[in-house]
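Please look over the structure shown here before reading the briefing. The notes that accompany it are grouped by topic.

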Amino acid sequence: MRTIAILGSTGSIGTQALDIISANPDEFSVAGLTAHSNIGKLKEQIDAFKPKAVAVMEREKAEVLAEEIDYAVPVLAGLAGIHSIATMQETDAVINSLVGSVGVTPTLKALDAGKRVCLANKETLVAAGDIVMQKAQQREAELLPIDSEHSAIFQCMRGVDDGEVRKLILTCSGGAFRDKSIGEMRSLTAKDALMHPTWKMGSKITIDSATLMNKGFEVIEAHHLFGMAYDAIEVVKHPQSIIHSLIELNDNAVLAQLGWPDMRIPIQYALSYPDRIPSSARPFSLIDVKQLTFGEIDAKRFPCLGYALLAGKAGGTMPAVLNAANEVAVHAFLNDEISFPDISRMVKEALDSHTLIRRPDIDEILEVDMRVKNEVRNTISEQ
Ligand code: MG
């Protein structure tokens, strides 16, 4: 029996993780849950899963929830509350499915407490990859990917020695705007961008998929998770999202992991690893797939991927700047305050104006994160 805490339990990954837990009561149980502000859904989850403690990021909402629930469970508040849930003594594994750089310190706290961290929060490794990987190593804590691409690579890596891998190949659906011209992109709205062609996900990541910033983040994450040089990571467009990613070995053999685009498989694998247990996900069929196609990414139409690679290669605080500017710009785009091409423009401006700190500690990263977010917010409000 593995006891699980879920940070961000009311989001897309969190609710799917709870489905897996309730379908496998002999394998998993819930110790703690956290939500940003959706206390209605969190209340239902408390009734269904009887966690030992919960936390709500927005303090006023935490107070309202504490008044409303019948089941006697401590309701913690704010980031400190989330840190408490991330380090609960009875927990074996922590799913971090928070959105944004707020996910960085809960990952570090959980690793420090020796927990297995099942990582869906991309910003953790983008903003603070070196520090997080070092922490996992120091504490001999497992850091397992939930993202479909990294899970695919992680699965392919089993039984392969590190020195035998020459290249990682990340696949990319192309996002909601894969067939749009630069001219068309100017007038597209958040509503258009939220129609992802293959995956059903939260709004932040769906916009990141439309700009291909998501794929840029995934390259940075793969660099950290698998210790591969940036030049040994390739991105290939694969509109059907059936091959989730591949590895190329020294002898030119290529291994891939395939399946329907269904996050329940990578979520469950991160929880059950190293075991494989039955899943309620739809069985795969090559006959039903019929056709798989591949192509190059058009770097001109999707500049964010290139900016992410530049920031990753520069290292230090640069990826944290990339993430912070993107986070604020995407939020503004979701609120219809800026246009789609403004997202990449604001990210580029933030990178261009940043003075790199080569070996930042976590406080310097968090300080840069806050400062860049404020600067980009100010630019947007002055428009
Ligand atoms: Mg992905």
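Predicted model: local features only at pLDDT ≥ 70, side-chain atom pairs only at ≥ 80, totals over all residues.

Residues are numbered from 1 along each chain as its sequence is written, and side-chain values use heavy atoms, with hydrogens and water left out.

**Metal site**

- The magnesium ion has D147 (OD), E149 (OE) and E218 (OE) as its protein donors, at 2.0 to 2.2 Å.
- Donors here are N, O and S atoms within 2.8 Å of the metal (3.2 Å for Na, K and Ca); water is not among the atoms, so sites may look incomplete.
- Along the chain, the donors follow the spacing D-x1-E-x68-E.
- Both D147 and E149 are buried, a term that means under 20% relative accessible area, with exposed over 50% and partly exposed in between (1.4 Å probe, protein chains only).

- Seven strands make up an open sheet with parallel pairing, in the order 4-3-2-1-5-6-7.
- At the edges are strand 4 (75-77) and strand 7 (143-145), each of which pairs on one side only.
- From one strand to the next, the twist averages 25°, with axes taken as lines fitted to C-alpha atoms (for helices over the stretch in contact) and angles running from 0 to 180 degrees between N-to-C directions.
- Strand 6 (residues 116-119) runs parallel to strand 7 and is joined to it by three bridges; V117 stands opposite L143 in strand 7.
- Strands (E, at least two residues) and helices (H or I, at least four) are DSSP runs numbered from the N terminus, and two strands pair if DSSP finds at least two bridges between them.

**Strand 10 and its antiparallel partners**

- Strand 10 (residues 243-249) is mostly covered, with seven of its seven residues buried.
- Five bridges link strand 10 to strand 8 (residues 165-172) in an antiparallel arrangement, and V165 has L249 as its bridge partner in strand 10.
- Strand 10 is also antiparallel to strand 11, again with five bridges; the partner of L246 in strand 11 is A256.
- The hairpin of strand 10 and strand 11 has four residues between the strands, and N252 takes a positive phi near 75° there.

**The cavity**

- On a 1 Å grid over the protein atoms alone, a cavity is a set of points where a 1.4 Å probe fits but cannot get out, and a pocket is an open set with protein on both sides within 12 Å along at least five of seven lines; lining residues have an atom within 4 Å of a point.
- Grid points are joined across faces, edges and corners, and a volume is the space filled by probe spheres set on the points.
- The cavity is lined by 13 residues, with H244, Q257, D262, I265 and P266 nearest its centre.
- Helix 7 gives the most to this lining, with four residues.

**The second largest pocket**

- About 520 Å³ of space lies in this pocket.
- Its lining has 18 residues, of which M133, F154, D162, L225 and F226 lie nearest the centre.
- Helix 6 (122-139), strand 7, helix 7 and helix 11 (213-226) each supply at least two residues of the lining.
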